[in-house]
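User: I've got a fold open here and would like to talk it through with you. Can we go over the packing and then the rings?

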Amino acid sequence: PFTLDFSMPEKLRAGQVFSSDLIAYNLYDASEFLVDIKYDPAQLRLVYVSRGTMLVEDEQLVPWSSGLIDVKNGIVRGISGKRSKVFAGERTTLLRLNFMVVGNGKGEISLPKVIVKNPEGEPLPYDFAPVKYVIEGEQ
């Protein structure tokens with residue numbers, strides 16, 4: 001199975017703006033994906049979702065959707081992309097999340113839905129553990 005992980009800054013503070021990449025490691029024979037992402041809306045506000053490097057093919061952008069952000073409930077649904085050529089590589093970025101920190105405390109970013117398919121439409125197995133973070137108050 002391939003592994004998914006979010007890149008995160010070492011420290012988070014209220015008012016900070018940061019980006020977090022969803023990175024796939026050892027991803028082979030992949031052609032499309034569909035992802036939902038959950039976060040705590042009392043702590044984070046998702047401002048923007050942008051495509052990752054997996055969705056650039058021969059220096060061209062491939063079809064993709066940044067999904068629908070539900071700010072109130074802290075979820076973005078239906079982030080997806082589809083390549084015409086199969087992807088294979090040790091490391092690639094599926095997408096980038098751009099957040100603003102709006103509250104303090106401990107939390108996590110999780111993936112309630114992940115489907116990565118091969119060209120035959122079969123889902124690929126993966127490992128993922130929700131990323132945990134601590135937001136420190138103003139100093």
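User: Which residues does Leu94 touch, not counting residues up to four places away in sequence?

Analyst: Keep in mind that this is a predicted model. Leu94 is among the residues that touch the most other members of the largest nonpolar core. Once residues up to four places away in sequence are set aside, the list for Leu94 reads Leu4, Leu22, Ala24, Leu27, Phe33, Arg51, Gly52, Met54 and Leu55.

User: And which strands each supply at least two residues of that core?

Analyst: The core in question is the largest nonpolar one, with 35 residues, and Leu27, Phe33, Ile37, Leu44, Leu94, Leu95 and Ile109 touch the most other members. The strands that each bring at least two residues to this core are β1 (2-6), β3 (17-38), β4 (44-51), β8 (75-101), β9 (105-117) and β11 (131-136).

User: How many helices and strands does the protein have?

Analyst: Read from the N terminus on, the elements go β-β-β-β-β-β-β-β-β-β-β. That comes to zero helices and eleven strands.

User: What is the radius of gyration, and how does the globule rule value for 139 residues sit beside it?

Analyst: The C-alpha trace spans about 50 × 25 × 25 Å along its principal axes. For 139 residues the globule rule gives 14 Å, and the value here is close to that, so the protein is as compact as a globular protein of that length. The radius of gyration itself is 15 Å.

User: What share of the contacts with a separation of 6 or more comes from residues 24 or more positions apart?

Analyst: Contact here means heavy atoms within 4.5 Å. Among the contacts with a separation of 6 or more, the part from residues 24 or more positions apart is 76%.

User: Is Lys117 buried, partly exposed or exposed?

Analyst: Lys117 is found in strand β9. Leaving aside neighbours within four places in sequence, Lys117 is in contact with Asp29, Ala30, Ser31, Glu32, Glu122, Pro123 and Leu124. Buried means under 20% relative accessible area and exposed means over 50%. Lys117 has 28%, so the label is partly exposed.

User: How far apart are the C-alpha atoms of Lys117 and Val17?

Analyst: Along the chain, Lys117 and Val17 are 100 residues apart.

User: On to the rings. Is the pair of Phe2 and Tyr126 stacked, tilted or edge-to-face?

Analyst: The structure holds four aromatic pairs. In this one, the ring centres of Phe2 and Tyr126 are 5.9 Å apart and the planes stand at 35°. Planes under 30 degrees apart would count as stacked and over 60 as edge-to-face, so the pair of Phe2 and Tyr126 is tilted.

User: What about Phe18 and Phe99: stacked or tilted?

Analyst: Phe18 lies in strand β3 and Phe99 in strand β8, 81 residues apart. Phe18 counts as buried at 6% relative accessibility, and Phe99 is buried at 0%. Their ring centres are 5.4 Å apart with planes at 25°, so the pair is stacked.

Definitions and conventions
Residues numbered from 1 in each chain as written. Predicted model: local features only at pLDDT ≥ 70, side-chain atom pairs only at ≥ 80, totals over all residues. Heavy atoms only, no water. Core = buried A, V, L, I, M, F, W, Y, C linked by side-chain atoms within 4.5 Å. Buried < 20%, exposed > 50% of the residue type's maximum accessible area, 1.4 Å probe, protein only. Helix = DSSP H or I, 4+ residues; strand = E, 2+ residues; numbered from the N terminus. Phe/Tyr/Trp six-rings, centres within 6.5 Å; stacked < 30°, edge-to-face > 60°. Rg over C-alpha atoms; globule rule 2.2 N^0.38 Å.
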